[in-house]
Amino acid sequence: MRLLQKFRGKSSPKQGGNGGSNYAYVTARVRAMKSNLLPKETYPRLMNMGVDEITRFIEESQYKQDVDELARVYDGVDLFEHALNRNLAVTFTKLINISEGELNFLISEYLKNYDIWSIKTILRGKYCGASVEEINDSIVSAGQLSYSFLSSLAEKESHESIIDALSGTDYYPILKGYDGTNLSAIENQLDKMYYSSLFNAIGDPKSKDSKLFSKFIRTEIDSKNLSTLFRLKNAGVEEDEIADLILDGGLNISKKEIERLLPLPFSEFVQSLEKYPCWEDISDVVEPEMESLVELETQLTKHSIKTASSFSHVYPLSIVPIMDYILNKKNEVNNLRIIMRGKAANLDEEIIRNQLVI
């Protein structure tokens, strides 16, 4: 298990100040890293390629080193998946390594979402009877837990042995309540714990950057809550069941507002969203009756990225450009994965295209 980052100039936002943070240096590095992201016009080109052509394109891009080092172990789509995940982990670990003080603290806390993602992936895989290889394809070791540790969890025979191996982590008090059948409830508790821990780490924001970070997180919660509301209300799930899955701390849609939205019929619920900032981005894909929510969730992701980008231009020497880069890098990997998986499964191009966030 990767040791917790030993913060240089230790400082959490609760202590005030920036704790010797090197914002100017890291934002300059991030600008250079962002210039290496694939331009938007790349995706239509990839859509016209076959699986082999996409693989060759990736081998000649910023993912070359990841592909070269993993080609001895994997091939085909498996190589593609592992190269993307390795690159994401290496990139985000680099952000932790080059940052100091409060900035290091905030980035490290935020990236713990990959620990939770990987734990949920492993438990889901075991629940569904997936192979170790299939589970490892989706592990991203960009948090505090190393790839070797996570892959060792995937090799364990039972969920009990997986949870025992996690007994030294902050996630164990929740995980020990998993009985092999209540996975959705455990995943929900882990998500709530993650955001609660983030807000606890921030405390009462005092510095400009901790305030911006708090705003960024609360905007992210708005998008997640809206996605949950659409999905469950559209499926006719009971009001109290939906309420249990809502995250607290949204910026534009408070928990009190959500409680007001919950009893509304789906068509009225949709109409009530017109006053919120996200409406401009989702209005074209929202209808009183919706069979699929794929395009909606794509538009919500676009809204989050656009919001982070607008913050980044206003506060160029702050944590926001760094969070903006994290979102865009994650989105690039997701787009590449969607295209490759879609091509490998011979999906209709329109289906693939509707899932891309460009």
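Just after helix α19, N346 takes a positive phi of about 60°; helices here are DSSP runs of H or I with at least four residues, numbered from the N terminus. The model is a predicted one, with local features needing pLDDT of at least 70 and side-chain atom pairs counting only at pLDDT 80 or more, while totals for chains, interfaces and linings use all residues. Residues are numbered from 1 along each chain as its sequence is written, and side-chain values use heavy atoms, leaving out hydrogens and water.

As for α19 itself, the helix covers residues 320-344 and spans 36 Å from first to last C-alpha, close to the 36 Å expected (1.5 Å times one less than the number of residues). Of its 25 residues, 20 are buried, so α19 is largely enclosed by the rest of the structure (buried being under 20% relative accessible area with a 1.4 Å probe, protein chains only).

On to the packing. The largest nonpolar core holds 85 residues, and L95, Y110, L175, F213, I319 and L336 touch the most other members; such a core is a set of buried Ala, Val, Leu, Ile, Met, Phe, Trp, Tyr and Cys residues joined through side-chain atoms within 4.5 Å. Leaving aside residues up to four places away in sequence, L336 touches L38, Y43, L46, I58, Y63, F80 and L84 (contact means heavy atoms within 4.5 Å). Another core, of 24 residues, lies apart from it and includes W279 and L300.

Then there is the pair α7 (residues 113-128) and α12 (residues 183-202), whose axes come within 10 Å and cross at roughly 175°. The axes are lines fitted to C-alpha atoms over the stretch in contact, with angles from 0 to 180 degrees between N-to-C directions. The two helices are therefore roughly antiparallel (over 145 degrees).

How values were computed:
Angles under 35 degrees count as roughly parallel, over 145 as roughly antiparallel, 65 to 115 as roughly perpendicular and the rest as oblique. Buried means under 20% relative accessible area, exposed over 50%, partly exposed in between (1.4 Å probe, protein chains only).
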